[in-house]
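This report describes selected local features of a predicted model.

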Amino acid sequence: MACAHGVGARVITCRSAGRAQPGRGGGRKRASNRDAGKRGGGSGGGSQTFHSESSSPTTARNLAAIAALAKTMVKHKDAVVDDSDVGYEGEGFRLVRCMPHLKRREADAAVTAGRVLVNGVLVKPSTRVRRGDVVTLDGKPMNWEPYANSVERELSMATNTFNTFVYLAYNKPRGVVCTVEPGQRTSLLYVLEREIKTLKVRLFPVGRLDKDSSGLVLLTNDGRVSDALLDPSRKAEKEYVVDVHREVDDRDVKRLASGVVITTTQQRGNEETTAATQPCEVKKLAPKTLKFVLAEGRNRQIRKMCEALDYDVTRLHRVRIDELQLGDLDEGLLRVLSEDEMKTLAAR
């Protein structure tokens, strides 16, 4: 299914404003030297304790920026325009996007197989349709024009004053759990509590990282993004920088790249799967540092791959999801996606 988006934010640099995890007896747990590590996710295991800095000048500036942003937000239901009777107003809409109930590859296959006609004629998947064109799938007309208008309207919202969706890159610190569960005191719901309350939208993470890992996570309130980036048939590449406890043998780099057998537990259903990992890119950056680029997304996959060859991961940091780069974004900060990033995401 095509993924179309509007930018829901302009400029945000928000440092995590989390709460400390309460210890026994009502006190606060003191972060160990190993847990604290270096900012940016040192080599130790465990999790950090996050402290609120609600009175700091940095937090005050962040909340002021978010407050200004929140004024540009409108509820999605208030932004919906009923154009069910309006013809397509654009310059050309891709044929394969006229069937949003099909995944992109399914739509491509349907057109290639001759199941899709435009004005009764066989066409190529790259065809663009215009106002008045009749698109049929297996003889059934597609009501594509209202859908095309809504898609292009939301794309144009990147330059509009009011927005319905938010798309933020977040540099997740180690110790933060990639959930919005109210019962988890180190979840995003609490670490970014004041930011979320100020925006007044329900953000959720796309491209989760485990608690002991750090790096790029996409935060949004647009449910279409998950399908665009995580759909099994077209998962986006993800790039990681991984430190291990000992020097890596060059032969092991090749073994990791070609695939190793691991057992992973599915996040939904808790079913275990034992199988070889798919071939991926693995490069040695330093004696104890590797770069992984993979599209597969099994639970704790890279850690399991390294463990299979007797390497303990001491730091796992994600720097890229598809074309979205972490760049020089500091740990715990948020930033709005750039215009080029939005175009890439919309294309998926």
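Helices are DSSP runs of H or I with at least four residues, and they are numbered from the N terminus. On that basis, helix H9 comprises residues 250–258, and Arg255 and Asp252, which lie 3 residues apart in this helix, are separated by about one helical turn. The two residues form a salt bridge in which the closest N and O atoms are 3.4 Å apart. An α-helix has 3.6 residues a turn, so residues three or four places apart point the same way.

**Salt bridges**

The structure holds 11 salt bridges.

| Pair | N to O distance | Relative accessible area |
|---|---|---|
| Glu281 and Lys291 | 3.3 Å | Glu281 39%, Lys291 18% |
| Lys343 and Glu339 | 3.7 Å | Lys343 53%, Glu339 56% |

The side chains of Glu281 and Lys291 meet in a salt bridge. This pair links distant parts of the chain, with Glu281 in strand S13 (residues 281–286) and Lys291 in strand S14 (residues 289–294), 10 residues apart. Glu281 is partly exposed, while Lys291 is buried.

A salt bridge also joins the side chains of Lys343 and Glu339. These residues are 4 residues apart in helix H11 (residues 339–347), a separation of about one helical turn. Lys343 counts as exposed at 53% relative accessibility, and Glu339 is exposed at 56%. Elsewhere, salt bridges that share partners join Asp210, Arg300 and Arg303 into one network.

**Helix H4 and its packing**

Ala110 is found in helix H4, which spans residues 104–112. The buried residues Arg104, Ala107, Ala110 and Val111 belong to this helix. Viewed down the axis of H4, the buried residues fall within an arc of 125 degrees, so they line one face of the helix. The face turned away from that buried side carries the exposed residues Arg105 and Thr112. The buried residues of H4 pack against strand S1 (93–94), strand S2 (116–118), S5 and H11. Gly114 follows H4 and has a positive phi, near 80 degrees.

Ala110 has a relative accessible area of 0% and is therefore buried, the cut-off being under 20%. Apart from neighbours within four places in sequence, Ala110 is in contact with Arg115, Val116 and Leu137. Ala110 and Asp138 are 28 residues apart in sequence, and their C-alpha atoms are 8.9 Å apart in space.

Leu137 stands opposite Lys140 in S6. Leu137 is also among the contacts of Ala110, and S5 is one of the elements against which the buried residues of H4 pack.

Terms used: Residues are numbered from 1 along each chain as its sequence is written. This is a predicted model: local features need pLDDT of at least 70, side-chain atom pairs count only at pLDDT 80 or more; totals for chains, interfaces and linings use all residues. Side-chain values use heavy atoms; hydrogens and water are left out. Helices (H or I, at least four residues) and strands (E, at least two) are DSSP runs, numbered from the N terminus. Buried means under 20% relative accessible area, exposed over 50%, partly exposed in between (1.4 Å probe, protein chains only). Contact means heavy atoms within 4.5 Å. Two strands pair if DSSP finds at least two bridges between them. A salt bridge is a side-chain nitrogen of Lys or Arg within 4 Å of a carboxyl oxygen of Asp or Glu. The arc is that of the directions from the helix axis to the C-beta atoms.
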